[in-house]
Amino acid sequence: MSQPPETLSTYWQNHLRVAFDKSAPQLYRPMLRASLAHVVMLAEQELLPAERARQLLGGLRALLAAEDDEFVFDGSVEDVYYLVEQRLAAAAGIQRSELDVQLARSRNDLDAGVFRMVLREDVLALARQAVGAAEAAASQADRWAEVLITGFTHRRPAQPTTLGHVLAGYAEALLSQADELLSVYDELDVNPLGSCAFAGTDLPIAPQRLGELLGFRTTFTSSYEAVAGAEHLMRTAAVQARVLATGARMARTMLDWMTFGWIATPGAFCQGSSIMPQKKNPVVLEHMCSMAGAAAADLAATLNNVGAAWYEDSNNATTDVQEHLWRAGDRAVRFLTMMRGLLEEVRPQDPPTPEQVVATGATTTAIAEALAGAGIPWRGAHSVVGALVRQAPPAEWTSSVVAAAIAEAGLGEVDDSVVEAALAAGLQPQRVLERAQEGGPGAAAVRRTAELALGRVRALAAAFDERRAALDRAAAALDEAVDGVLAGGRG
């Protein structure tokens with residue numbers, strides 16, 4: 001019987017109500033699916049009378065068929081677990097005292113199972129966007145492999161590179177994240193149902209059958225870890241935070257590119273100014289950086305809660321971390337969806353000219369390397385070029401000035417051809433496009449990197465599609481098994 005909110009106890013009003021509001025939309029339907037599988041298994045193991053199994057399955061199906069789930073905490077139940085029982089009794093037309101849905105099952109292993117079911121879906125959604133963003137980055141890397149820009153280290157101009165080189169690098173980072181998501185998914189994909197409170201049961205249940213019907217790849221080997229474990233939860237939180245942390249770094253870099261005018265500012269990702277008509281503000285990139293901070297906070301909360309718990313069933317290490325994972329998972333999907341859209345919009349606008357790149361001093365490493373390649377010791381060449389830069393920008397150097405600096409450094413005399421080659425290296429940053437080194441900024445090398453990345457995109461997409469297909473096959477198998485019990489074929 002429902003209670004007016006003002007009559008609820010302090011605990012119920014300030015915790016159970018809040019927890020219910022957050023968890024019910026996430027857990028209710030997965031809990032019904034898990035219950036379908038459990039009742040099928042009990043019927044197949046002849047642990048339930050056939051008529052009772054049919055009543056329960058009919059009730060569960062009716063609840064799943066409801067188009068509009070409403071979750072109002074009225075004080076009649078303390079959590080989603082008891083809400084399922086309350087609604088199931090009504091839908092099955094039996095008294096709650098007649099319910100068998102929890103036979104050989106605990107709220108512990110049920111929670112552990114549905115948590116994994118929800119997180120599997122979250123990881124698949126995030127993986128879809130990670131692979132899509134990697135594909136966009138790699139495709140754009142190939143497209144803009146010859147667009148010269150200045151690369152930065154420590155927020156200072158460093159060396160010439162290309163838009164394609166940077167984008168290919170970010171594609172590799174995204175693919176690394178997708179690899180991790182695949183590993184995390186497989187760790188989540190272990191069935192804990194059947195471990196009960198943690199010690200299992202004397203009844204002849206079939207946990208492997210539960211796993212099969214719910215699409216789990218394997219079933220627990222330790223019933224204790226199945227309930228007490230939190231490794232999969234911490235890994236999920238970590239990969240969520242990792243995706244956003246690396247993405248935020250790229251977002252800041254893209255914001256610089258837009259500020260410099262190197263790439264066009266995409267109108268669909270901008271807001272106008274309330275007072276300055278000329279402004280087109282890509283504030284999405286600022287919001288994305290803030291989202292990364294929030295994901296880091298959810299990771300910290302997850303680790304802190306788990307670290308504060310005993311190695312046993314504990315709300316700190318299970319229920320209380322769920323909201324952080326759901327929230328960070330949703331945020332990570334939205335983040336990568338926006339990042340993917342931004343990457344697809346990357347277009348050069350006014351990238352720096354070779355002369356502008358030279359003026360930043362970004363070509364001086366190439367000058368020093370040219371001298372070293374002609375036999376001048378590297379440290380001496382480095383010192384000579386450093387001294388010259390402090391006197392004037394490379395565009396103002398002459399052959400005689402460079403030769404004199406080498407002589408003054410006690411490095412001997414050099415042929416005019418060596419000096420001319422060094423100066424050419426310093427005045428032609430576009431030569432970086434011809435660099436043959438694998439993985440470097442050379443146009444051909446960038447395109448090979450992009451091609452490799454796109455190959456990995458296809459392989460990872462196939463791996464995630466395979467896991468999605470396994471869930472779909474399990475859902476079909478569960479429906480077929482329910483039909484069989486309802487038809488009286490077993491149980």
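Q: Is Cys 196 buried or exposed?
A: Cys 196 is buried, at a relative accessible area of 7%; buried means under 20%, exposed over 50%, and partly exposed in between, with a 1.4 Å probe and protein chains only. The model is predicted: local features need pLDDT of at least 70, side-chain atom pairs count only at pLDDT 80 or more, and totals for chains, interfaces and linings use all residues. Residues are numbered from 1 along each chain as its sequence is written, and side-chain values use heavy atoms, with hydrogens and water left out.

Q: Where is Cys 196 located?
A: Cys 196 is in the loop between β3 and α6 (207–213). Helices (H or I, at least four residues) and strands (E, at least two) are DSSP runs, numbered from the N terminus.

Q: What about phi of Cys 196?
A: Phi is near 55° for Cys 196, a positive value in a residue other than glycine. Most residues other than glycine have a negative phi.

Q: And what is phi for Glu 46?
A: Glu 46, also not a glycine, has a positive phi of about 60°. Glu 46 sits in the loop between α1 (10–44) and α2 (50–65) and counts as exposed, at 66% relative accessibility.

Q: Turning to Asp 189, which residues does it contact beyond its sequence neighbours?
A: With neighbours within four places in sequence left aside, Asp 189 is in contact (heavy atoms within 4.5 Å) with Arg 120, Gly 215, Phe 216, Arg 217 and Thr 218. Asp 189 is buried, with a relative accessible area of 5%, and lies in the loop between α5 (163–188) and β3 (190–191).

Q: What does Val 346 touch?
A: Not counting residues up to four places away in sequence, Val 346 touches Gln 140, Trp 144, Leu 167, Met 254 and Ile 263. Val 346 counts as buried at 2% relative accessibility, and its place is the loop between α10 (319–345) and α11 (354–359).

Q: Now helix α13: which of its residues are buried?
A: They are Gly 380, Ala 381, Val 384, Val 385 and Leu 388. Seen down the axis of α13, these buried residues fall within an arc of 130°, so they line one face of the helix; the arc is that of the directions from the helix axis to the C-beta atoms.

Q: What covers them?
A: The cover includes α12 (364–373) and α14 (399–408).

Q: And which exposed residues are on the face turned away?
A: The face of α13 turned away from its buried side carries the exposed residues Arg 379 and Arg 390.
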